[in-house]
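Subject: Handover of a structure and notes on its features

Dear colleague,

Please find below the structure that I am handing over to you. I would be grateful if you kept it open while reading the notes that come after it.

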Amino acid sequence: MKVTEVERKESTKHCCGNGWTQKNSAEHEGYAGALIGKRIAENNTTNADRGVNGLLERIVEAGNLNRAYKRVKRNKGAGGVDGMKVDELLQYLKDNGKEIRESIVDGRYRPQPVRRVEIPKENGKKRKLGIPTAVDRVIQQGIAQVLTPIYEPKFAETSYGFRPGRSAQDALRKCREYLEEGYVWTVDMDLEKFFDTVNQSKLIEILSRDIKDGRVISLIHKYLKAGAVECGRFVDTEVGVPQGGPLSPLCANIMLNELDHELERRGHKFVRYADDMVIFCKSKASAMQTLEHIIPFIEKKLFLKVNREKTVAAYAGRIKFLGYGFYKSTKGWRMRVHKKAVDKLRKRIRELTSRRWVNDYEEWKTSLKRYVEGWVNYFKLADMGNLLKSTDEWMRRRIRMVFWKKWKRIRTRWRNLLKLGVSNSNAGILANSRKGYWRIAGSPIMNTALSNARLEKAGFRSFSSYYKSVCA
């Protein structure tokens, strides 16, 4: 069985196309030495060899790690560099759990490097993710579970990302509240490649202010320095927090909490969700002044980089926040789905209703239904009745087009149309038609055969019907 070793990294060669195919490669024999760093203490208040208040013992306590395992198991996810799947994790922890806990307490535990993967962004660029091994995910989750109650009371009231009991909808409601109070000019802040550019020394310094158990600081630092494997090559991680592990969101909030408190100290209204932030002002001049004065703090004190092209002082009706846009109506400030989010919606539906995606009928329906429900649940605060109506019409036409393509032969089309209640003459006319797929899908005969009600009954959920149920 492929396992994560406790004290020695199992060197693995990665093939971009086929995953991890070769172990103990000579090319990577130098991994372990590069990853074993000294136990660190970033300031004089933290002793890396002392346990204060038994914080590390709380992290490795069996009950805490059991909860962490259940969370990792529930989240599933891809495997790391050792190839271990989440399904294999339980037996491995049963066999090696005691040794892992002892090695963590003794300071001997060495995290594996993360597996680097890239996912496309809306702007065509790539977002780098770092996938830890299944065992490291459990340990990181255990750390996060113990540290979260310590930091939650310290976080700003208007910080919403990656926090228990808070959501993107809560952040958007707060935005609307500020707009109703007259703060209609904004600083739309964009931190360039935030997770990839976090200054690790600064993060450790901030952590050391509240965590006096140097062993915990040392363990977190090992995860930051564990490195990454990208296309079979080991890469040092001197900067950044790997985006993809359970510990990364908490580290991001701890880092950006410094910015939150600085804004509070200066008397600004703001809403932050992870690294997305909007600062609210009452005039354009105030917004421009705020932008000018806050950038030096971000870049010189926190050592983060502000994207000057995307960070702007603008009227609230022109900004995009968490996929939403804002507009002023006779009833006050309202929300709508931003144009970029609509474009992304249509692109995804086009993918889900492409014939090449439809291999299994039930899986196809489930995928469409899951996407519709997830999208509506996220954008339910927006005014989007007309948008959903037009989207449903377009999506249903694409679904009919898929059916027509799959029927292929004239005889099959004729027979299926008859089964759906179409008259023999109309079925013959449509089955023998030379018109293109899209035109056929929009024809009155096809609309009658695969009516809206019939598609809904078959399990093809529409945006409008689900939106009404959510609102009700």
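The following paragraphs describe selected features of this structure.

Please bear in mind throughout that this is a predicted model.

**The open sheet**

I begin with a sheet of 4 strands. In which order do its strands lie? The order is β4-β3-β6-β7, the sheet is open, and the pairing is mixed. The strands β4 (126–131) and β7 (233–235) stand at the edges; each has a single partner strand, so one side of each is left without a neighbour in the sheet. On average, and with direction ignored, neighbouring strands here are turned by 40 degrees against each other.

Within this sheet, strand β3 (residues 114–120) and strand β6 (residues 228–230) run parallel and are joined by 2 bridges. If you wish to locate this pairing, look for V114, whose bridge partner in β6 is A228.

**Two loop residues with positive phi**

The loop between β6 and β7 contains C231. This residue has a positive phi of about 55 degrees, although it is not a glycine. Is C231 buried, exposed or partly exposed? With a relative accessible area of 46%, C231 is partly exposed, because the value falls between the 20% limit for buried and the 50% limit for exposed residues.

A second example is F303, which lies in the loop between α11 (284–301) and β10 (312–315). F303 is not a glycine either, and its positive phi is about 60 degrees. Its relative accessibility is 43%, so F303 also counts as partly exposed.

**The packing of α3 and α4**

Two packed helices are described by the angle between their axes and the distance between the axes. For helix α3 (residues 62–75) and helix α4 (residues 89–106), the angle is about 145 degrees and the axes are 12 Å apart. The crossing in which α3 passes α4 is right-handed. Which residues make the contact? From α3 they are L65, Y69 and V72, and from α4 they are L89, L90, L93 and R101. Sorted by class, this contact has 6 nonpolar residues, no polar residues and 1 charged residue.

Helix α10 (residues 248–265) contains I254. This residue is buried, with a relative accessible area of 2%. Leaving aside residues up to four places away in sequence, I254 touches Y151, F155, L203, I206 and L207. I254 and L207 are 47 residues apart along the chain, yet their C-alpha atoms are separated by 7.6 Å.

**The two sides of α15**

Just after α15, G421 takes a positive phi of about 95 degrees.

Yours sincerely,
A colleague

How values were computed: Residues numbered from 1 in each chain as written. Predicted model: local features only at pLDDT ≥ 70, side-chain atom pairs only at ≥ 80, totals over all residues. Heavy atoms only, no water. Pairing = 2+ DSSP bridges. Axes fitted to C-alpha atoms, helices over the stretch in contact; angles between N-to-C directions. Left-handed = near helix turned anticlockwise from the far one by under 90°. Contact = heavy atoms within 4.5 Å. Nonpolar A, V, L, I, M, F, W, Y, C, P; charged D, E, K, R; others polar. Buried < 20%, exposed > 50% of the residue type's maximum accessible area, 1.4 Å probe, protein only.
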